[in-house]
Structure formats: structure tokens, C-alpha cells
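Subject: Structure handover

Hello,

My notes on it follow.

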Amino acid sequence: MTLNRVSAKTAGLVSCHSCCLVSVSKPAGVGVCPRCGSGLHRRKPNSLARTWALVLAALVFYLPANLLPMTYTTSLGRTQADTIMSGVIYFVQTGSWPIALVIFVASVFVPLIKLLILTLLLISVHLKSRWRPRDRTRLYRFTQMVGRWSMVDIYVVTILVALVKLGALANIDAGPAAVYFAAVVIITIFAAESFDPRLIWDAMEGQHARKP
């Protein structure tokens, strides 16, 4: 990997997070953008601490999101509670593989893989790891990309509830897991936004600075 390149940090420049104007960095690393007036920082303030807090909060909510009922189905006087996985199993048993796959990927796999990736990135930055910085940056971009699609399951439940409520023989209500699941999705989106991917490359700049 070619390291003979000057970064904004080493050149004494800083980019505005709001309007992306590049300005000369103050000695303290903070200032005000001359174009939009936003605060300037070489790195997002307290990025690691805030991201760790949000990731841990998402992990706490992830358990009830998958263990508590996502829907309550009432039909002919009988009420059945279904978790996310029991819903997936139901659709698999009835042959609705595409729906089962969408719910599993959106509700179980994507939130979990986002949390694992963010945890990996946080640990690697704490350890000042120089392992595959480009691939770790791609992983970060992946967490940002999938974040906006993580609410698919909530949309499915909402539409399902609205449609079934129109019928006279059955009724579906959202369970408490829907609230926890929405919390996991929103918190992981904030966690991805609070993480500063430039921290991944700081260890590489240190390595470059030590070279003659």
C-alpha cells in the first residue's frame, strides 16, 4: 500500500462535517467553518466513547427484540404470539421462502452483522491496528449502506397489521419486540454515524511518520 501521500491531518487542514469546506486547522484542532458556521474538528469529538455507548445499548435491546413477541395474531377467539424467528419458521414451513428470507435477513442477520462490524472497528482502532485499513473502511461503508434498509421488517409488520385489521375473522397487533427492534435499528444508525472512519487510518499515518 502506498503511504507517500499527505493527508488533511498531516497538512494541517480540516474538513467541515456540514458543508465539506476544507479549512486550515487551528492548533487546538477545533474552530468554526467560515462558510456555514459549523464547528470544525480534526476528528469527531468523543467518537469512540459515543459509538461504544450506542453499540452496547443496541446489544441490550437486541435480545428482547428477538425474544419477545413481534406480533399477536387473534383468529376465531384464539391469540397466538410470534417472535421474529417463529415467524420465519412459519413462513418456511408454509413454503413462503422469499418472505422468510427477507424477514430473517432484515431482522436477524443485518442488525447482528452491523453490531459485530462496529465492535470490530472499535476494537481495531483502540488497538491501533494496521490490519487491512481499506477493507475495514469498506466494512464501515457497508454498515452505513444497510442502515437505511434495516427497517424493512417494521414496514412488513405495519403493513401486515393494517391489512389484517381490515378483515373480520382475524386481527394482528404489533408486540413489544417491535419497539425494541426499532430501537436497535435507530441506535445502530446513530452508532455508525458517530464513528469516525478516519480513526482507522491514523495508525497508518503514524507508521508513515516514523519512516525516514
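**What was found**

Residues 24 or more positions apart account for 66% of the contacts in the chain that have a separation of 6 or more, a contact being heavy atoms within 4.5 Å. This is a predicted model, in which local features need pLDDT of at least 70 and side-chain atom pairs count only at pLDDT 80 or more, while totals for chains, interfaces and linings use all residues. Residues are numbered from 1 along each chain as its sequence is written, and side-chain values use heavy atoms, with hydrogens and water left out.

**Confidence and layout**

The mean pLDDT of the chain is 80, and 81% of the residues score at least 70; pLDDT is the predictor's confidence in each residue, from 0 to 100. Among the elements, α1 has the highest mean pLDDT (93) and helix α5 (residues 152-164) the lowest (61).

The chain has seven helices and seven strands. Both are DSSP runs numbered from the N terminus: helices are H or I with at least four residues, strands are E with at least two. Read from the N terminus, the order is β-β-β-β-α-β-β-α-α-α-α-β-α-α. Of the 212 residues in the chain, 35% are buried. Here buried means under 20% relative accessible area, exposed over 50%, and partly exposed in between (1.4 Å probe, protein chains only).

**Helix α1 and the annotated spans**

Helix α1 covers residues 47-67, and its 21 residues should span 30 Å at 1.5 Å a residue; the end C-alpha atoms are 31 Å apart, which agrees. The expected span is 1.5 Å times one less than the number of residues in the helix. Buried residues in α1 include Ser47, Thr51, Val55, Ala58 and Tyr62.

The unreviewed UniProt entry carries the annotation "transmembrane region" for residues 48-65, 99-125, 146-168 and 174-192. UniProt positions are given in the numbering used here, feature names are shortened, and annotations may be inferred rather than shown by experiment. In the model, residues 99-125 are 100% helix and 0% strand, with the end C-alpha atoms 38 Å apart. Residues 174-192 are 89% helix and 5% strand, and their end C-alpha atoms lie 27 Å apart.

**Nonpolar core**

The largest nonpolar core has 28 residues, and those with the most contacts inside it are Val55, Met70, Ile84, Leu121, Phe181 and Phe195. A nonpolar core is a set of buried Ala, Val, Leu, Ile, Met, Phe, Trp, Tyr and Cys residues joined through side-chain atoms within 4.5 Å. Two or more residues of this core come from each of α1, α2 (84-93), α3 (97-126), α6 (176-194) and α7. Helix α3 gives the largest share, nine residues.

Which residues does Ile84 touch, leaving aside its neighbours within four places in sequence? Ile84 is in contact with Ala65, Asn66, Met70, Ile103, Ser107, Val108 and Phe181.

Val125 is found in helix α3 and counts as buried at 11% relative accessibility. With neighbours within four places in sequence left aside, Val125 contacts Leu48, Phe195, Leu199 and Ile200. The C-alpha atoms of Val125 and Ile200 are separated by 5.8 Å, although the two are 75 residues apart along the chain.

**Salt bridges**

The structure holds four salt bridges, each a side-chain nitrogen of Lys or Arg within 4 Å of a carboxyl oxygen of Asp or Glu. One of them joins Arg43 and Asp202, with the closest N and O atoms 2.7 Å apart. Arg43 lies in the loop between β4 (39-41) and α1, and Asp202 in helix α7 (residues 198-210), so this pair ties together parts that are 159 residues apart in sequence. Both Arg43 and Asp202 are buried.

Arg132, Asp135 and Arg138 are linked in a network of salt bridges. The closest N and O atoms are 2.9 Å apart for Arg132 and Asp135, and 2.8 Å apart for Asp135 and Arg138. Asp135 and Arg138 both lie in helix α4 (residues 133-147), three residues apart, about one turn of the helix. Asp135 is partly exposed, with a relative accessible area of 28%, and Arg138 is partly exposed at 47%.

Gly37 lies in the loop between β3 (30-32) and β4 and is partly exposed, with a relative accessible area of 47%. The C-alpha atoms of Gly37 and Cys19 are separated by 9.5 Å, the two being 18 residues apart along the chain.

Regards
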